[in-house]
Amino acid sequence: MSSPDQFLYNKIIHLDGKSSRPVYLQIVHQIINAIQRGYLMKGMKLLGTRSMSDILKVHRKTVIAAYEELDAQGWVKTIPNKGTFVIESGNSNNIPVKAPQQQDLATYPKQTGFSFRQSNLLDNPFEHAACTYIFNDGVPDTRLSQIGSYSSFYSANLKRKSSYKKIGYYNTEGSEYFKEHLSQYLNLSRGLHISKSNLLITRSTEMSIYIISEILLSEGDLVVVGDPSYFSVNMIFQKSGAVIKTIPVDEQGIRTDLIEELCRKTKIRMLYLTPHHHYPTTVTLSAQRRIELLALASRYGFAIVEDDYDFEFHYDNSAILPMASADTNGMVIYVGSFGKSLAPGFRTGFIVAPENLMNEMRKYLGIIDRQGDIIMEQALGEMLEEGEINRHLKKSAKVYKERRDCFAGLLSEHLGDQINFRVPTGGLALWLEWKSPVNLFQLSSQCQQHNLFIPRTLLYQNKDYTALRLGFGHLNEDEMKQSLQILYQVNETLK
């Protein structure tokens with residue numbers, strides 16, 4: 001029968017022969033763990049090295065090394081001719097603790113011993129599946145990214161001696177060099193009139209919206225969004241305690257008449273818009289409604305957050321300038337992403353706003369992203385200065401225009417008699433509405449069984465419409481054909 005000592009040490013020490021950690025350190029860490037949890041008490045004598053090596057089935061020298069390390073760290077003391085004794089204890093009352101029966105001391109706790117707030121609101125809505133063909137909401141094709149060219153800018157910055165100081169210090173406000181060139185780029189491409197003092201560099205659009213929400217929104221504030229709207233941003237607003245009010249979107253964009261009607265009844269704190277191509281329907285906000293919204297914001301005092309998430313992708317004519325370019329009263333906060341057409345690691349977000357608000361935003365950025373990525377920003381600044389960004393955008397825009405036209409043609413061929421859609425002037429996605437309702441969740445589930453994944457975040461269905469937002473930018477012609485063939489076949493079975 002096993003001795004009590006053998007039972008105790010077999011419970012508190014578990015050696016992993018496949019671990020890269022030395023065996024003697026495994027023994028050390030697990031004995032310390034047992035002391036901290038009160039299983040080995042202050043004053044308790046550890047087994048002799050020979051007995052311990054027999055129980056653990058290791059060489060005696062391994063146990064000797066472990067005891068020496070425990071002694072050096074101050075957990076035990078070895079007294080010649082007497083033995084090794086615990087001199088520190090995790091149990092302040094020095095009350096013996098019953099040896100563990102079920103819990104393995106080598107494992108980490110499965111749950112906390114304290115309560116905390118949990119939010120269903122922030123549950124990850126994104127799904128993944130191991131399918132050959134996948135639809136998304138409109139992202140670029142990384143295969144078109146000239147990663148080698150971009151990497152050369154990054155590596156060149158790392159090799160410069162002048163970069164060493166930049167790596168060691170970041171002022172939490174972003175690279176001044178990058179902000180200088182990005183502000184010039186935004187002025188030229190978007191008709192803005194800003195300097196680098198109006199610019200904040202963030203990691204993503206979501207981070208930008210989070211910072212804005214932390215500063216502008218309080219519990220119970222009313223935020224107006226389009227119907228339908230971008231779920232991820234809505235989650236951020238709701239987490240801030242805001243109340244979200246949806247306003248219908250038609251072929252000219254969000255209904256300004258209904259916003260004005262709402263303003264007469266209650267106070268609006270913020271209006272969130274994606275006017276260049278409304279997310280998810282891709283509709284462009286008309287010029288008349290842009291003017292009306294700027295006038296309403298000035299009259300009723302609400303902030304407009306303009307998210308220009310896909311400005312870089314326009315094909316048929318010149319891109320429509322953002323509302324921020326016509327804002328003379330400081331009512332618009334302009335949010336966007338830069339480098340979306342590049343490789344994922346080369347993208348960044350930004351906020352454009354008046355200086356008084358920008359000063360407050362820098363405080364929040366300094367808390368949540370103090371380190372930043374100074375080398376990446378320096379590389380992006382050089383790509384702007386040398387025209388690399390413009391050259392890539394011209395090349396990629398031609399490819400994405402061809403893909404848009406191809407995708408629209410295939411949709412008409414496969415589903416033309418069952419859906420309505422319009423070809424957008426830009427962006428990387430199309431909005432499809434079914435003429436007769438089908439169960440989109442069933443459609444998605446059965447498509448997945450046929451090797452086509454359609455995430456639930458692309459499904460829009462209520463009593464008024466049955467619709468999908470399907471991205472085409474990441475698909476070549478063959479992938480489009482295969483994906484839409486599966487969608488068509490599954491759709492036929494549900495009719």
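Colleague: Which residues of helix H10 are buried?

Modeller: Buried means under 20% relative accessible area, exposed over 50%, and partly exposed in between (1.4 Å probe, protein chains only). Helices (H or I, at least four residues) and strands (E, at least two) are DSSP runs, numbered from the N terminus. In H10, which spans residues 256-265, the buried residues are Thr256, Ile259, Leu262 and Cys263. Because they cover an arc of only 115 degrees around the axis, they fall on the same side of H10; the arc is that of the directions from the helix axis to the C-beta atoms. Arg264 and Lys265 are exposed on the other side of H10.

This is a predicted model, in which local features need pLDDT of at least 70 and side-chain atom pairs count only at pLDDT 80 or more, while totals for chains, interfaces and linings use all residues. Residues are numbered from 1 along each chain as its sequence is written, and side-chain values use heavy atoms, with hydrogens and water left out.

Colleague: Against which elements do the buried residues of H10 pack?

Modeller: Contact means heavy atoms within 4.5 Å. The buried residues of H10 pack against strands E5 (222-227), E6 (243-250), E7 (253-254) and E8 (270-273), and against helix H11 (287-300).

Colleague: Which residues of H3 are buried, and which exposed residues does the face turned away carry?

Modeller: Helix H3 covers residues 49-56, and Thr49, Met52, Ser53, Ile55 and Leu56 are buried there. Their arc around the axis is only 160 degrees, which puts them on the same side of H3. The face turned away from that buried side carries the exposed residues Arg50 and Asp54. Just after H3, lysine 57 takes a positive phi of about 60 degrees.

Colleague: How is a nonpolar core read, and which residues of the largest one touch the most other members?

Modeller: A nonpolar core is a set of buried Ala, Val, Leu, Ile, Met, Phe, Trp, Tyr and Cys residues joined through side-chain atoms within 4.5 Å. The largest core has 45 residues, of which Leu182, Leu293 and Ile304 touch the most other members. Helix H13 (residues 374-385) supplies the largest share of this core, 5 residues. Apart from it lies another core of 34 residues, including Leu200, Val233, Leu357 and Leu365.

Colleague: With which residues is isoleucine 304 in contact?

Modeller: Leaving aside neighbours within four places in sequence, isoleucine 304 is in contact with Leu271, Leu273, Leu293, Leu294, Ala297, Met323, Met331, Val332 and Ile333.

Colleague: How many salt bridges does the structure hold?

Modeller: A salt bridge is a side-chain nitrogen of Lys or Arg within 4 Å of a carboxyl oxygen of Asp or Glu. The structure holds 18 salt bridges. In one of them, arginine 143 pairs with aspartate 141, and the closest N and O atoms are 2.9 Å apart. Arginine 143 is partly exposed, at 49% relative accessible area, whereas aspartate 141 is buried, at 4%. Aspartate 257 and arginine 255 also meet through their side chains, at 2.9 Å from N to O.

Colleague: Where do lysine 401 and aspartate 405 lie?

Modeller: Both lie in helix H14 (residues 388-415), 4 residues apart, about one turn of the helix. Salt bridges that share partners join Asp141, Arg143, Arg403 and Glu479 into one network. Lysine 401 and aspartate 405 form a salt bridge with their closest N and O atoms 3.5 Å apart.

Colleague: Where is glycine 191?

Modeller: Glycine 191 is in the loop between helix H7 (176-190) and strand E4 (199-202). Not counting residues up to four places away in sequence, glycine 191 touches Leu186, Leu321 and Ser325.
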